[in-house]
Amino acid sequence: MNQPLPFDGPSTDEMEAMAHRAIQAMPPEFRAHLGPVVVRVDDYAKRDVLDGFGMTSPMQLSGLYTGRPVGIKSVSDSGAMPDMIHLYRQPILAEAKQRGIAIETLVAHVLVHEVGHHFGFSDDDMHWLEDQAD
């Protein structure tokens with residue numbers, strides 16, 4: 001797979017720190033349910049992940065939640081992989097540059113979207129909530 005040329009910007013560690021700051025800025029009632037969620041920053045999503053969404057370019061995906069939403073968890077989940085929020089650095093950097101917004105602002109936006117999936121919200125639910133806030 002040919003990767004697009006990388007954009008300069010914060011490292012994966014620096015972007016992960018931005019994500020953790022965004023989590024700390026969330027209301028306590030949300031943070032209380034995020035303790036076991038792992039935040040991982042990679043430059044791009046893996047090809048199998050992109051293929052699963054029918055995406056042809058690694059620049060099409062900036063974030064992903066993997067795991068079982070809070071309302072679906074069960075005691076029988078013992079031994080399962082931890083819930084994870086994946087942030088994809090290069091697509092986030094490209095979008096921030098294209099839209100002329102701060103990288104940390106976009107990291108927080110993508111993170112909140114993925115946290116929404118952790119709580120069981122669909123993309124349509126989150127778009128509706130965003131529209132209400134505008």
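Is glutamate 95 buried, partly exposed or exposed, and what is its relative accessibility? In this predicted model, glutamate 95 has a relative accessibility of 24% and counts as partly exposed. The views below show this residue with its partner, together with two further pairs.

**Figure 1. Salt bridge between arginine 99 and glutamate 95.** The closest N and O atoms of the two side chains are 2.7 Å apart. Both residues belong to helix 4 (residues 89–99), where a spacing of 4 residues separates them by about one helical turn. Arginine 99 has a relative accessible area of 48% and is partly exposed, as is glutamate 95 at 24%.

**Figure 2. Salt bridge between aspartate 51 and arginine 47.** Here the closest N and O atoms lie 3.0 Å apart.

**Figure 3. Salt bridge between aspartate 42 and arginine 40.** A distance of 2.8 Å separates the closest N and O atoms of this pair. Aspartate 42 has a relative accessibility of 22%; because the buried class is limited to values under 20%, aspartate 42 counts as partly exposed. Arginine 40 is also partly exposed, with a relative accessibility of 39%.

**Figure 4. Salt bridges in the whole structure.** A search of the entire model finds 5 salt bridges, including the pair of arginine 99 and glutamate 95, the pair of aspartate 51 and arginine 47, and the pair of aspartate 42 and arginine 40.

Technical notes: Residues are numbered from 1 along each chain as its sequence is written. This is a predicted model: local features need pLDDT of at least 70, side-chain atom pairs count only at pLDDT 80 or more; totals for chains, interfaces and linings use all residues. Side-chain values use heavy atoms; hydrogens and water are left out. A salt bridge is a side-chain nitrogen of Lys or Arg within 4 Å of a carboxyl oxygen of Asp or Glu. Buried means under 20% relative accessible area, exposed over 50%, partly exposed in between (1.4 Å probe, protein chains only). Helices (H or I, at least four residues) and strands (E, at least two) are DSSP runs, numbered from the N terminus.
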